[in-house]
Amino acid sequence: MQRVLRAAQALGLPVQGFSGRWLRTIFSLFVLSGLLVPDITRAATLTVASVSLSDSRPSQTGVTYAAAASSYSGSTIKCVKEVFATTPAGTTKPTGMATASGITIAGSQTLLASTVGWTRGGSDPDGTVTFINSGSSEAPSGTKTWDLAGFTNSSLADTTYWLRISTYGNADCVTSPVDNTTIGFIITSGSQLSLTVDQSLSFTVNSVGSAAICDGTTTTQASTATTLPFGTVTSAVNGVVCQDLSAATNSTGGYTISLRYTGKPANGVGGFIADQTGSNASPTPFSAAGTEAYGYTTDDATLGTGTASRFTNGGQKWAAATTVNSEVAFEPSGVTAQTYRIGHQVGVSSITAAGNYSTTIIYTCTPVY
């Protein structure tokens with residue numbers, strides 16, 4: 001009774017002259033009030049909570065917000081509620097953020113074993129997203145994820161916002177709270193990356209030894225990087241000398257390697273070696289020994305103009321050189337390294353004038369950037 005008296009004094013009630021009957025009445029009211037006031041169940045706070053954005057840049061659309069948390073209590077839930085706000089306990093949504101429509105449950109979430117029957121809350125204000133299922137028997141426990149897709153980010157960068165996630169045992173998303181957590185996140189502008197890559201091209205002419213396989217025939221003499229020395233050629237056996245052309249480039253359009261000469265091989269006193277009968281567009285098998293001719297060939301079966309395999313299809317073909325660049329190799333895009341074997345063949349007849357014959361062969365590699 002003394003405790004009741006002291007409580008009445010604390011409440012500012014006059015106690016002088018109180019009879020025992022009045023004190024017993026007050027005591028009974030205190031006891032009764034303790035029976036009538038409901039016990040308010042507090043929701044459990046989730047731990048190790050985080051939220052990741054599929055795209056954290058301002059004003060991006062179709063963004064997935066993937067929340068993860070531990071310590072789900074295992075109680076049955078019929079509502080999952082998300083509130084996006086400018087403060088941890090506030091209701092003002094982040095500037096420019098849109099959640100009113102188009103939000104869906106992502107397939108990656110694990111909070112619900114089945115999303116059947118779960119629908120978007122019909123009265124959500126912008127900034128709040130609820131999914132409800134009055135018939136749910138879901139009882140998540142342990143560590144779970146809750147991933148929703150279709151958000152439009154806030155338009156403000158470098159600002160901290162807050163996401164409150166709450167689960168409820170009733171579909172009204174108010175009563176019977178189960179679990180909750182509050183998570184901070186930041187919208188950030190993307191960093192513009194820029195760099196420059198210089199154009200690159202390498203091209204070398206390399207020697208091929210004697211008795212080497214060269215585009216379907218065998219070399220009779222060795223070449224160097226700068227010479228094609230046939231030596232003495234007779235009408236009995238044609239002379240064959242080859243060079244390897246190696247190229248590399250980072251050009252997006254690849255390159256074309258071309259060949260030309262400064263003129264027919266000449267002896268300086270009016271004599272010259274006749275051209276092979278075939279052309280670059282339509283090469284032909286090389287003339288038999290005893291026929292005067294000079295021509296070239298390539299082992300590249302994927303040329304960029306005309307018939308791509310015209311030098312290799314059906315056996316190696318040869319073409320007459322001209323003073324105009326003609327294609328002998330091609331790549332449609334950049335390559336780290338590629339080598340092509342270019343063959344040169346000379347035939348002489350029994351009436352080819354004696355002398356020392358020469359001309360200059362010019363290779364040109366043209367990249368396309």
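Author: Start with a side chain. That of Thr219 reaches the backbone nitrogen of Ala211 at 2.8 Å. This model is predicted: local features need pLDDT of at least 70, side-chain atom pairs count only at pLDDT 80 or more, and totals for chains, interfaces and linings use all residues. Residues are numbered from 1 along each chain as its sequence is written, and side-chain values use heavy atoms, with hydrogens and water left out.

Reader: Which backbone oxygen lies 2.8 Å from a polar atom of the Thr219 side chain?

Author: That of Gly209.

Reader: Is Thr219 buried or exposed?

Author: Buried means under 20% relative accessible area, exposed over 50%, partly exposed in between (1.4 Å probe, protein chains only). Thr219 has 4%, so it counts as buried.

Reader: Now pockets. How is empty space found?

Author: Rolling a probe the size of a water molecule over the atoms shows where empty space is left. Here, the largest pocket has a volume of about 730 Å³.

Reader: Which residues lie nearest the centre of the largest pocket?

Author: Phe230, Gly231, Val346, Tyr357 and Ser358, out of 31 lining residues. By class, this lining has 16 nonpolar, 15 polar and no charged residues.

Reader: How does the lining of the second largest pocket divide by class?

Author: Into 6 nonpolar, 7 polar and 4 charged residues. Lys81, Val83, Arg164, Ser166 and Tyr168 lie nearest the centre of this second largest pocket. Its space is about 290 Å³.

Conventions: A polar contact is a pair of N or O atoms within 3.5 Å; within protein, one must be able to donate a hydrogen and the other to accept it, and residues adjacent in sequence count only if both atoms are side-chain atoms. On a 1 Å grid over the protein atoms alone, a cavity is a set of points where a 1.4 Å probe fits but cannot get out, and a pocket is an open set with protein on both sides within 12 Å along at least five of seven lines; lining residues have an atom within 4 Å of a point. Grid points are joined across faces, edges and corners, and a volume is the space filled by probe spheres set on the points. Ala, Val, Leu, Ile, Met, Phe, Trp, Tyr, Cys and Pro count as nonpolar, Asp, Glu, Lys and Arg as charged, and the others, Gly among them, as polar.
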